[in-house]
Amino acid sequence: MHSTPSPALPVGRGLLYVTLTGIAWGTAGATAALLYRGSGLGPLAISFWRTVGGLALLLAVRAVLRRRSGSTPATASNEPMRRRAVRIALTGVAFAVFQTSYFAAVEDTGLAVGTVVTMGAAPVLIAVGARLTMGERLGAGGVLAVAGALTGLSILVLGGGGATVRPAGVGYALLSAAGCAAMTLITRRPARDGNGNPYAAILGTFAVGALCMLPFALVEGLWPQAHGLGRSLLLLGYVAAVPTALAYVLYFASLAVVRAATASVILLLEPVSAAAIAVLFLGERLTMTTAAGTGVLLTAVVALAVTEARRAPEPAEPDVVPVAG
């Protein structure tokens, strides 16, 4: 059986995918914070189980869909096999750095600071990288949106109340931002040129990432404590399913039509999502400063999304969406 390429992914749907990704990713840090309280797992072990669980879920979904439809995921790539293998390997390494460094930042300096620094630095690194490697320009409106988003993040940090800022945690967060930038830029180019299959790309990325994390996770301690094991497994299952398996498929698919810098700014919804969870479920208080920073950030994100949706479609940017299979 064979499958045919689907029509190009609409820009509006791509923007929706990025938005959902940012919201889902915001729950990952909160879940890790809960795991730190009772599972006995460290950042490397949590990252490993998150990746392995996400990979297992995606493989299971693919097997079920293939059995129902009898088709295979669509591929339409002119990329040489060796280059594709190198790209997937590099993406997997960048993914591993992104995930483990972020969880280490949350453990060391807290959910709020770790998330804000990671997602505040990532757009700058991605915008510079996209300009240098792919010639992508944000334009005047995009620059203003980035500035507004970073202003909102700064307000969140400065108004964080009793948040503790530790240098080591900030360093982990910056390393995580670098990993996020590398992963985005490596994935964006083939997706933009029609050489990317989001589903296949994420499977390869997760496999490589898990292999990179395994030896370090074994040294750190791979198994959760017996006390509260059911709670730990439930939290690990969630972080594997929603902010990993689902969110990364949406994110990789969106990069076919959403520019890298634009995607990175919209992903600043992650700290907003994390802040909402902290207030609603972790007992943190919402101050006026936090609310103001969140409002500025959301305004910038919406403005950039509207600008992206209105821009003229760029030619020669086909996308292939994986057919159920």
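A residue counts as buried when its relative accessible area is under 20%, as exposed when it is over 50%, and as partly exposed in between (1.4 Å probe, protein chains only). Please keep in mind that this is a predicted model, where local features need pLDDT of at least 70, side-chain atom pairs count only at pLDDT 80 or more, and totals for chains, interfaces and linings use all residues. Residues are numbered from 1 along each chain as its sequence is written, and side-chain values use heavy atoms, leaving out hydrogens and water.

Let's begin with Trp25, which is buried at a relative accessible area of 2%. Rings of Phe, Tyr and Trp (its six-membered ring) pair if their centres lie within 6.5 Å; planes under 30 degrees apart are stacked, over 60 edge-to-face, and the rest tilted. Across the whole structure, a search finds eleven aromatic pairs. In one of them, Trp25 and Tyr248 have ring centres 5.0 Å apart and planes at 45°, so the pair is tilted. Because Trp25 lies in helix α1 and Tyr248 in helix α8 (residues 229–254), this pair ties together parts 223 residues apart in sequence. Helices here are DSSP runs (H or I, at least four residues), numbered from the N terminus.

Tyr248 is buried too, with a relative accessible area of 0%. Tyr248 also pairs edge-to-face with Phe206, at 5.8 Å centre to centre and 80° between the planes. Ring pairs join Trp25, Phe95, Phe98, Phe206, Tyr248, Tyr251 and Phe252 into a cluster.

Notes
Helices (H or I, at least four residues) and strands (E, at least two) are DSSP runs, numbered from the N terminus.
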